[in-house]
Structure formats: C-alpha cells, structure tokens
Amino acid sequence: MPRWGGGPAGGSNAVAAGGFAFPVRVYWEDTDAGGIVFYANYLKFFERARTEWLRSLGIAQQSLREQTGGIFVVTSAQLQYLRPARLDDQLIVTARLQSAGRASLTIQQQALLVNTDNQPTGPVPLCEGLIRIGWVDGTAMRPARIPNHILEQLS
C-alpha cells in the first residue's frame, strides 16, 4: 500500500499527494485504559475520512439516499496496525480510491501521526487499511449498480 506524504491538513478538503486527507485529534474517548487508541476506533476514523472525502466530491450520503434510494455499506475491511496513537495525538486520515467496479469501491486508507518533534521524514504511518464499500438499494439492502454520475465524480 502506498504511503502518502504531506503535512497536516488545513481542513476536510485537503488533499495529500492525490489522496484526500482529514485531520483527527485523539480524545480520551478514543483510548483504552493505557491511553492508546483502541484498535476498533481506527475504523471510525476511516469512516469519517471516507464520508468527508465523498462530501468533498459533492457526494453527500443522506442526499444521495434521498435522490437515488441507494447507500454505500462496508462489505470488508482489512487493517494493519503499525504503531499506536495516543491521547492528544494529531492524525491525518487519508482516503484514496484504489478501484471502482459496477457495484463496489475499494478505498485505500491510512492514519498518520503528524505531531511529534522527532519526525524528520514527515508523517508516521500508524494504521493502513483497504476498505471495500458496496452500493445497495437502501430499502431492500440488496446489491445494486452504483449510479453512473457517482462513478464519474470519483474518476
């Protein structure tokens, strides 16, 4: 999986090396008793970044459901934990389209640490993931084709 460089994002519309970047601060609620980010919370960070990435492309998920009747759902998640994040750390969470099919997208994601003094080479990768999201009819919850206008916005 590629590693994206670049500094802290200035907001949810920031792009790092062709991928979307979303700033996240680690709060007490994100950590376990040892002050380390609980492993499942990376999925929440990734979800927020994917949602904001889509929003930055003009794809608001609630409006999308209202207009098309369809929604994106996570069908698989493959994560690799590299280093821990801790309370008060500043992270950049990235999202980049890896591939698009007729009914699903595969998104590459990373959580990067950006606020340590001893980072001579830039952000430090903490967690990497490949997330597959499928398009389904929002009522029947059955797979369906992603509308063409969405695929066009993603390319």
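Helices, taken as DSSP runs of H or I with at least four residues, and strands, taken as runs of E with at least two, are numbered from the N terminus. On that numbering, G58 is found in the loop between α1 and α2 (61-68). The model discussed here is a predicted one, and G58 counts as exposed because its relative accessibility is 57%, where the cut-off for exposed is over 50%. The C-alpha atom of G58 is separated by 9.2 Å from that of I150, although the two residues are 92 residues apart along the chain.

**Overall picture**

The chain contains three helices and six strands, and from the N terminus on its elements follow the order β-β-α-α-β-β-β-β-α. Of its 155 residues, 41% are buried, and the accessible surface of the chain comes to about 8400 Å², with 48% of that area belonging to carbon and sulfur atoms. Among contacts in the chain with a separation of 6 or more, 68% are accounted for by residues 24 or more positions apart.

The pLDDT of the chain averages 88, and 85% of the residues score at least 70. Over residues 1-17, however, the pLDDT is below 50, even though this stretch has 46 contacts in the model beyond near neighbours in sequence. Where pLDDT is low, the predicted coordinates should not be read in detail.

The structure holds two salt bridges, which are set out below.

| Pair | N to O distance | Relative accessibility |
|---|---|---|
| E47 and R50 | 2.5 Å | E47 35%, R50 6% |
| R55 and E52 | 3.2 Å | R55 44%, E52 18% |

Both E47 and R50 belong to helix α1 (residues 41-56), where they lie three residues apart, about one turn of the helix. R55 and E52 are separated by about one helical turn as well, because they are three residues apart in helix α1.

How many of the ten residues of strand β5 (residues 104-113) are buried? The count is ten of ten, and the strand is accordingly described as mostly covered. In a regular strand the side chains alternate between the two faces of the sheet. In β5 both faces are covered, with S104, T106, Q108, Q110 and L112 buried on one side and L105, I107, Q109, A111 and L113 buried on the other.

Strand β4 (residues 90-100) runs antiparallel to β5 and is joined to it by nine bridges, with S99 standing opposite T106 of β5. These two strands, β4 and β5, form a hairpin with three residues between them. β5 also pairs in the antiparallel sense with strand β6 (residues 124-137), over ten bridges, and here Q110 has E128 of β6 as its bridge partner.

**A nonpolar surface patch**

F38, Y39 and Y81 make a nonpolar surface patch of about 330 Å². One of these residues, Y39, has its place in the loop between β2 (19-25) and α1.

How values were computed
Residues numbered from 1 in each chain as written. Predicted model: local features only at pLDDT ≥ 70, side-chain atom pairs only at ≥ 80, totals over all residues. Heavy atoms only, no water. Salt bridge = Lys/Arg side-chain N within 4 Å of Asp/Glu carboxyl O. Buried < 20%, exposed > 50% of the residue type's maximum accessible area, 1.4 Å probe, protein only. pLDDT = per-residue confidence, 0-100. Contact = heavy atoms within 4.5 Å. Patch = residues over 30% accessible without salt bridge, like charges linked within 9 Å, V, L, I, M, F, W, Y side chains within 5 Å. Areas by Shrake-Rupley, 256 points an atom, 1.4 Å probe, with all protein chains shown as cover. Pairing = 2+ DSSP bridges.
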